[in-house]
Structure formats: C-alpha cells, structure tokens
Amino acid sequence: MKYIVTVQDAVTAFADWMEPTDGELDAIEAEMPRLLADVEALDVQIALLEQAPAELDRRRARRSQNRVLAERATLANRVTAGEAA
C-alpha cells in the first residue's frame, strides 16, 4: 500500500502568515540605495563587456563603484549608530 502525502512546505510556502514583517520591510527600505547602487554598477560592468572601454566608460565604472562604496559606508554608519537593524 502506498501512502499519498502532501508536501506541507510547498502547500503553505506562500501562506498569508509568511509575509515579511514591518521590520523586515523597513530593513529592505533602508538598504534600497545600496541595492540600487549595486545594480547600477552591474549595468556598467555588463556594458563594458560588450565593447572596448573608452576613457568615459572607465570614468563611469569608477563613479558607479565609488557610489557603491559610499552607500555601503552610509549603511554601515547607520547600523553602527543604531538607526537600522
């Protein structure tokens, strides 16, 4: 005899009670500038893969990387100061 068993995790994976909490959403919102800077830096890197980089492209890559580092430093300072968890 074979038993038919439901996969509980798959059935309830998207249940209402598994939504992110307000604290988790606030943490995501606090990290959003850093995430956007990372996305921009990746866009620059992808664009540089498609062509030979010119001086303007190198400047754009440096600016995007500096923005990523600045956003990470800002976020780290906020966490250190106790503003975000």
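The protein chain exposes about 7,200 Å², of which carbon and sulfur atoms supply 59%; accessible areas were computed by the Shrake-Rupley method with a 1.4 Å probe, and for residues only the protein chains shown count as cover. The model is a predicted one, in which local features need pLDDT of at least 70 and side-chain atom pairs count only at pLDDT 80 or more, whereas totals for chains, interfaces and linings use all residues. Residues are numbered from 1 along each chain as its sequence is written, and side-chain values use heavy atoms, with hydrogens and water left out. Of the 85 residues in the protein chain, 15% are buried (buried means under 20% relative accessible area, exposed over 50%, and partly exposed in between, with a 1.4 Å probe and protein chains only).

The secondary structure comprises 3 helices and 0 strands, in the order α-α-α from the N terminus. Helices (H or I, at least four residues) and strands (E, at least two) are DSSP runs, numbered from the N terminus. For H3, the 27 residues should span 39 Å at 1.5 Å a residue, and the end C-alpha atoms are 39 Å apart, in agreement with that value; the expected span is 1.5 Å times one less than the number of residues. Just after H3, glycine 82 takes a positive phi of about 90 degrees.

The buried residues of H3 are Asp57, Ser64, Val68, Glu71 and Leu75. The cover over these buried residues includes H2. Serine 64, located in helix H3, is buried with a relative accessible area of 4%. Leaving aside neighbours within four places in sequence, serine 64 is in contact (heavy atoms within 4.5 Å) with Glu40, Ala41 and Val44. A polar atom of the serine 64 side chain also lies 2.9 Å from the backbone oxygen of alanine 61.

Salt bridges, defined as a side-chain nitrogen of Lys or Arg within 4 Å of a carboxyl oxygen of Asp or Glu, number 7 by this rule. One of them joins arginine 67 and glutamate 40, with an N to O distance of 2.4 Å. Arginine 67 lies in helix H3 (residues 55-81) and glutamate 40 in helix H2, so the pair ties together parts that are 27 residues apart in sequence. Both partners are partly exposed: arginine 67 has a relative accessible area of 33%, and glutamate 40 stands at 32%.

Another salt bridge is formed by arginine 34 and aspartate 38, whose closest N and O atoms are 2.7 Å apart. Both residues lie in helix H2 (residues 22-49), with a separation of 4 residues, or about one turn of the helix. Arginine 34 is buried at 19% relative accessible area, and aspartate 38 is buried at 17%.

Within helix H3, arginine 58 and glutamate 55 are 3 residues apart, about one turn of the helix, and their closest N and O atoms form a salt bridge at 3.8 Å. An α-helix has 3.6 residues a turn, so residues three or four places apart point the same way. Arginine 58 is partly exposed, with a relative accessible area of 40%, and glutamate 55 is likewise partly exposed, at 39%. Elsewhere, salt bridges that share partners join Glu31, Arg34, Asp38 and Arg72 into one network.

Conventions:
A polar contact is a pair of N or O atoms within 3.5 Å; within protein, one must be able to donate a hydrogen and the other to accept it, and residues adjacent in sequence count only if both atoms are side-chain atoms.
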